[in-house]
Amino acid sequence: MILTGPAIAAAIATNEIVIDPFEPQRLSPNAYDWRLGDTIRICDGSLDAAAPTSFREMTIPRDGFVLTPGELYLGLTAERTGSERYAQLLNGDRTIGALGIWVHVSAPLGHAGHAIQWTLEIRAARPVRVYPGMTFGKLVFLQTFGGPSSYQSTGKYRTTPGIDISRLYEEMGGPL
């Protein structure tokens with residue numbers, strides 16, 4: 001079950017949902033409009049699932065940054081979001097898609113028990129300028145069923161501060 005905008009606002013008021021910073025005007029009928037943060041990583045060279053990804057990190061200037069096709073960017077949401085009670089789905093939206101930006105296609109699920117700034121996977125179909133703080137997508141909250149289970153007890157990325165690269169290499173034991 002997806003929470004409505006008024007239900008999200010009520011859950012924020014009772015501290016069942018964290019959205020920081022929270023701007024009530026960003027609520028829509030069934031979601032919250034999240035924004036792009038001000039930090040981006042550009043992944044360098046070939047990627048290898050068995051090794052850490054090398055990257056360059058930069059602050060997105062106020063006058064914007066041009067995403068180019070063929071690059072993998074890792075960004076960060078401006079908001080820290082989460083809940084012990086509700087799971088989250090983070091998606092891009094139509095306005096970003098219409099600019100040829102694919103954002104967070106592979107990992108939209110935010111587990112209950114995890115309040116974070118999301119690491120974003122970003123690709124561009126054509127060169128496109130993005131700006132820190134621009135609306136970049138929609139966040140929905142989902143009612144969970146069953147006994148409580150918090151991501152903090154088992155999740156691989158539970159202690160990640162800020163942008164994180166793939167850590168699949170930890171499962172694979174390093175380069176093969």
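Strands β7 and β11 run antiparallel and are joined by 6 bridges, where strands are DSSP E runs of at least two residues, helices are H or I runs of at least four, both numbered from the N terminus, and two strands count as paired if DSSP finds at least two bridges between them. Within this pairing, Arg80 stands opposite Gln117 of β11. The model is predicted, so local features need pLDDT of at least 70 and side-chain atom pairs count only at pLDDT 80 or more, while totals for chains, interfaces and linings use all residues. Residues are numbered from 1 along each chain as its sequence is written, and side-chain values use heavy atoms, with hydrogens and water left out.

**Strand β7 and its other partners**

- Strand β7 (residues 73-82) is largely enclosed by the rest of the structure, because 8 of its 10 residues are buried (buried means under 20% relative accessible area, exposed over 50% and partly exposed in between, with a 1.4 Å probe and protein chains only).
- Strand β1 (residues 18-20) pairs with β7 in the antiparallel sense over 3 bridges, and Val18 has Gly82 as its bridge partner in β7.
- Strand β4 (residues 39-43) also pairs with β7 in the antiparallel sense, over 2 bridges, with Arg41 opposite Leu74 of β7.

- Beyond its neighbours within four places in sequence, Leu67 is in contact (heavy atoms within 4.5 Å) with residues including Ile40, Tyr73, Ile101, Ile122 and Val130.

**Salt bridges**

- The count comes to 6 salt bridges, each defined as a side-chain nitrogen of Lys or Arg within 4 Å of a carboxyl oxygen of Asp or Glu.
- Glu79 forms a salt bridge with Arg35, their closest N and O atoms being 2.7 Å apart; the pair links strand β7 with strand β3 (residues 31-35), 44 residues apart, and both Glu79 and Arg35 are buried.
- Glu16 and Arg85 meet in a salt bridge of 2.9 Å, N to O; Glu16 lies in the loop between α1 (5-13) and β1 and Arg85 in the loop between β7 and β8 (86-92), so the pair ties together parts 69 residues apart in sequence.
- Glu16 counts as partly exposed at 30% relative accessibility, as does Arg85 at 37%.
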